[in-house]
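Subject: Structure handover

Hi,

Here is the structure I promised to pass on. Please open it alongside this note.

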Amino acid sequence: MTGQFVAFFILSLMTIGGAVFMISFTRVVHMVISLGITFISIAGLFVLVGAEFVGVAQVLVYSGAISILMLFGIMLTKHDAYDEGTGRTWKNRFILLFVVVVFALLFWGIQNTPWPASPPPVASNVSNAQEIGLEVFTKYVIPFELVSVLLLVALIGSIIMAKKEEDNE
């Protein structure tokens, strides 16, 4: 058992656990925290497979921006202060048992599958982030700039829509 296998196992358990908790919780704040844990553990999986740039982008975009946006959305809307239970404990136990069985079957299948040998790593002096930067700023400059203009238009449109709602009140 290598350290990489242990890290993968822990990160995958955190990813699956965060996703299961997110759909099981009844309070929205708890759901957002579970979603954040899922996003961060997915970023760890990206780093584990050598896609450091994608892992950092995952943390910045999803774990940071979207989770914070959801929390602000929750704080700015009205919710009841009490938590009403679902009253379906036997269904919750059945779902938990089903998830455990599916996880055990997937784990068994992955462990017993004869995987082909991986190709030898390509020796390169260029880092992952540098390769992405070279591709984006040489081949894909126009789409990159168009996406930035699209995001700017979306930002201005959301400000105008929020201003109109404020004026109507």
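This is a predicted model: local features need pLDDT of at least 70, side-chain atom pairs count only at pLDDT 80 or more; totals for chains, interfaces and linings use all residues.

The mean pLDDT of the protein chain is 81. Of its residues, 85% reach 70 or more. Among the elements, helix 1 has the highest mean pLDDT, at 90. Helix 3 (residues 52-75) has the lowest, at 79.

Next, the pairing of helix 1 and helix 2. Helix 1 spans residues 3-24 and helix 2 spans residues 28-48. Their axes come within 8 Å and cross at roughly 155 degrees. An angle over 145 degrees counts as roughly antiparallel, and helix 1 and helix 2 are therefore roughly antiparallel to each other. Their crossing is left-handed.

Which residues meet there? On the helix 1 side they include F8, L11, M14, F21 and M22. G18 and A19 of helix 1 also take part. Helix 2 brings, among others, M31, L35, I37, I42, L45 and L48. Its S34, T38, S41 and G44 are in the contact too.

Last, the record. The unreviewed UniProt entry annotates "transmembrane region" over residues 6-25, 32-49, 55-74, 94-111 and 140-162. I looked at two of these stretches in the model. Residues 94-111 are 100% helix and 0% strand, with end C-alpha atoms 26 Å apart. Residues 140-162 are 96% helix and 0% strand. There the end C-alpha atoms are 33 Å apart.

Best wishes

Conventions:
Residues are numbered from 1 along each chain as its sequence is written. Side-chain values use heavy atoms; hydrogens and water are left out. Axes are lines fitted to C-alpha atoms, for helices over the stretch in contact, and angles run from 0 to 180 degrees between N-to-C directions. Helices (H or I, at least four residues) and strands (E, at least two) are DSSP runs, numbered from the N terminus. Angles under 35 degrees count as roughly parallel, over 145 as roughly antiparallel, 65 to 115 as roughly perpendicular and the rest as oblique. A crossing is left-handed if the near helix is turned anticlockwise from the far one by less than a right angle, and right-handed if clockwise. Contact means heavy atoms within 4.5 Å. UniProt positions are given in the numbering used here, feature names are shortened, and annotations may be inferred rather than shown by experiment. pLDDT is the predictor's confidence in each residue, from 0 to 100.
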